[in-house]
Amino acid sequence: MIPRTLFQKIWDAHVVHRLPEGPALIYVDLHLVHEVTSPQAFAGLRLTGRRVRRPDLTIATVDHNVPTGDRLVPIADPVAARQLEALERNARDSSVELFDLRSPHQGIVHVIGPELGLTQPGMVIVCGDSHTSTHGAFGALAFGIGTSEVEHVLATQCLVASQPRTLEAHIIGRPGTGVAAKDLILALIGQIGTAGATGHVIEYTGEAIRALSMEERMTVCNMSIEAGARAGLIAPDETTVAYLAGRPRAPQGAAWTRAAEQWKRLRSDPGAEYDVGVALDAAAVAPQVTWGTSPGMVKDIAGRVPHPSDFPTAAEQRAAARALEYMGLAPGMALEGLPVDRVFLGSCTNARIEDLRVAARVVRGHRVAPHVRALVVPGSQQVKVQAEREGLDRIFREAGFEWRNSGCSMCLGMNADILQPGERCASTSNRNFEGRQGRGGRTHLMSPAMAAAAAVAGRLVDVRGWTLADLPGSLELAS
Amino acid sequence: MQPFVRHVGKAAALPRTNVDTDQIVPKQFLKRLERTGFGPSLFHDWRYRPDGAPNPDFELNRAEAHGATVLVTGANFGCGSSREHAVWALAEHGFRAIVAPSFADIFFANCCQNGLLPVRLLAREVDELFRRCRAAGGEYWLTVDLEQQRVEDGLGFTAPFPMDPYRREMLLRGLDEIGRTLLEEPRIAEYERRRAAGTAP
Ligand code: SF4
């Protein structure tokens, strides 16, 4: 038999039918739905008299536009409230399970899927959201789709798709202290560019990847889309199985034993060929900070803001000049030392419990700089509860951070959490596009440890020089 | 879906790369429940100044761009968020085709779902269109022919473009993809039976 990649195995197992014109009808095991990209899809079903084919494989949550303040206060934004109500109505009418604002399991869709054990190796998972790639950390083929395709999946439980190509990102070596999964993926995007993986599914391989925890793997796969990829994948292993064990929606009993055995065998065959290969040495990666308005505009923290003329093509030079103007930066400026006004610890990239722990270790015993407003928005209510159990909320609050309820929040600023024009923000999210966090806002992407350090220092700093405090519960955590 | 066979229309140039869907429709406009009403928010933060007045520096606000139905732009157009609202806004504004060296995958699929034709040309061909568009000073017309898979300006520029046969057929005939897939219902049901029995591939 021809050796097959992990991607190919999952793809082949989900082909319902090959259409004569080329693409395949792919079966979807799990369809995640949120309030912003679904109302038109449900409306489309109503209009055509169609129904949700498999409500049992469809899960809904609210995350994008939800307020992160007090849950007991009615939602101030009537338009956002209307969208939340629409999802509630659609879910009820279609018998789709919904994790709403009252649910202890509410959270960012890409945080709660894994947390509940809904996300499992070998699945095909889709969601009307580009960061669906996050679920690829479990060896699931997971990709973002548009609203028309959401409607298509609701109606048919299938998606029409052409087979993407494969790209192996082989990451060798071990990252140094203070270098996070976020730095690895930012460095990779810096290397291959924001369209470097367009039309491809990335499989991340190599010892640096194998050594990552599940949460770190999610950070890596999450940002596959920022490299242009259709999806990101990491083969399941003991780490994956250990993470899923005992999760509420993971298989139980004999089914669990069977599934776990299968999952551990699910990987690319030796000698399987990828269409493209890229390599990165984790040991050579320093903490990364973006300087521009695209995630590929990224440098080491010790680096300097580039000059537009450093770029080879006229288009890139124009883009760099525009980005510098928007970001209020001049060529040659050092990134380290750049003052920040806001710090955002949150998003589906970096708001899981490990992210909050490392940020708390940086922050403990310090104060947020007086001119900085800093915000922690846990990725889910479960993450929030866990963090509070560990006393992390106290560390953040005592340092001067605001401690919020879960949601997408300032990752995209659809709720009240936005930057003011000209404000500079150290952010653990995934997109530094113009206006992403608020019109005129200036976003620098970085890891949770780097963002936490920036909050304390009031400027961009290299976290590698810092001594990390122990956490109150660190003895129990370690055991 | 509105079919796309052949379109003759005025071109407007937006010579920027990596135009993301957050620029095409900023998030504050994503709260609608309908597929309509997004035209006015197209490129909002570029098109309007913070005080709401049109920004005269923005390419599409210039007189030459008024009435354009073919957008010529840079590589990796439509990157970022999966929001189909971006496509709805472009279509509602009047665009019928977008010509660029490359598109982000999800955006490309979203275009095809809405009869807005994404046309991939070589980077040097797009550069040539930028040049011609600029030189023509506002009266530059393009013919985008999906049947022939070709872009022409009637002044010597002609270039073929790729489109996979499935999407081409859907676009040419303006087919409802869900209706098409529902014809495969027996196959879907059969797949589900095999899955449940543990005999799927
Ligand atoms: S946290 Fe940000 S990137 Fe993630 S799903 Fe929400 S808006 Fe999208």
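**Exercise 1.** Which residue of chain B forms a salt bridge with A:Arg50, and how far apart are the closest N and O atoms?

*Solution.* Start with the ground rules. This is a predicted model, where local features need pLDDT of at least 70 and side-chain atom pairs count only at pLDDT 80 or more, while totals for chains, interfaces and linings use all residues. Residues are numbered from 1 along each chain as its sequence is written, chains are lettered from A in the order in which they are written, and side-chain values use heavy atoms, leaving out hydrogens and water.

Next, the term: a salt bridge puts a side-chain nitrogen of Lys or Arg within 4 Å of a carboxyl oxygen of Asp or Glu. The partner of A:Arg50 is B:Asp176, with the closest N and O atoms 2.8 Å apart. Chains A and B have 10 salt bridges between them.

**Exercise 2.** Work out how chain A and chain B meet.

*Solution.* Begin with contacts (heavy atoms within 4.5 Å): 68 residues of chain A touch 55 of chain B.

Then take buried area, the accessible area (1.4 Å probe) that two parts lose on being put together, summed over both. Here that's about 5000 Å², with 52% from carbon and sulfur atoms. A:Glu21, A:Gln40 and A:Arg439 supply 14% of what chain A buries against chain B, more than any other three residues.

**Exercise 3.** Find what B:Phe43 touches.

*Solution.* Skip residues up to four places away in sequence; the list is then B:Leu14, B:Val19, B:Gln23, B:Ile24, B:Phe58, B:Leu60, B:Phe77 and B:Leu90.
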